[in-house]
Amino acid sequence: MTSGTPLVVVLGHQRCGAVKAAYGALKDDKPLPGNLQSIAEALRPAYREAA
């Protein structure tokens, strides 16, 4: 049973720099170096929905 509310779960250790960097890149619309960009792209749909 769902209430129609989307749920996003992002796993990372406490104060995870990769998750923080991905969020900042999405917020500022700036690319990240190397494989970090793939994290940001994977989170983009959820970020747009929540913003």
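**Exercises on contacts, core and loop**

A40 touches A22, L26 and L32 (contact means heavy atoms within 4.5 Å), not counting residues up to four places away in sequence. The model is predicted, so local features need pLDDT of at least 70 and side-chain atom pairs pLDDT 80 or more, while totals for chains, interfaces and linings use all residues. Residues are numbered from 1 along each chain as its sequence is written, and side-chain values use heavy atoms, without hydrogens or water.

**Exercise 1.** Describe the chain as a whole: how many helices and strands does it have, and what share of its residues is buried?

Solution. Step one, the elements: the chain has two helices and zero strands (DSSP runs numbered from the N terminus, H or I of at least four residues for helices, E of at least two for strands). Step two, the extent: the C-alpha trace spans about 40 × 25 × 15 Å along its principal axes. Step three, burial: of the 51 residues, 16% count as buried (under 20% relative accessible area; exposed is over 50%, partly exposed in between; 1.4 Å probe, protein chains only).

**Exercise 2.** Which residues form the largest nonpolar core, and which element gives the largest share of this core?

Solution. Start with the members, which are A22, A25, L26, L32 and A40, five residues in total. A core of this kind joins buried Ala, Val, Leu, Ile, Met, Phe, Trp, Tyr and Cys through side-chain atoms within 4.5 Å. Next, assign them to elements: α1 supplies three residues, the largest share. Then return to A40, whose contacts A22, L26 and L32 are also listed in this core. As background, nonpolar side chains in soluble globular proteins tend to be buried together.

**Exercise 3.** Find the aromatic pairs: how many are there, and what is the geometry of Y23 with Y47?

Solution. The rule takes rings of Phe, Tyr and Trp (its six-membered ring) with centres within 6.5 Å; planes under 30 degrees apart are stacked, over 60 edge-to-face, the rest tilted. The count comes to one aromatic pair. The ring centres of Y23 and Y47 lie 5.9 Å apart with planes at 70°, so this pair is edge-to-face. Y23 belongs to helix α1 (residues 17–28) and Y47 to helix α2 (residues 36–50), so the pair ties together parts 24 residues apart in sequence. Finally, check accessibility: Y23 is partly exposed at 46%, and Y47 is partly exposed at 24%.

**Exercise 4.** Examine D29, a contact of R44: where is D29 found, and what is its phi?

Solution. D29 sits in the loop between α1 and α2. Its phi is positive, about 55°, although D29 is not a glycine. At 59% relative accessibility, D29 counts as exposed, whereas its contact R44 counts as buried.
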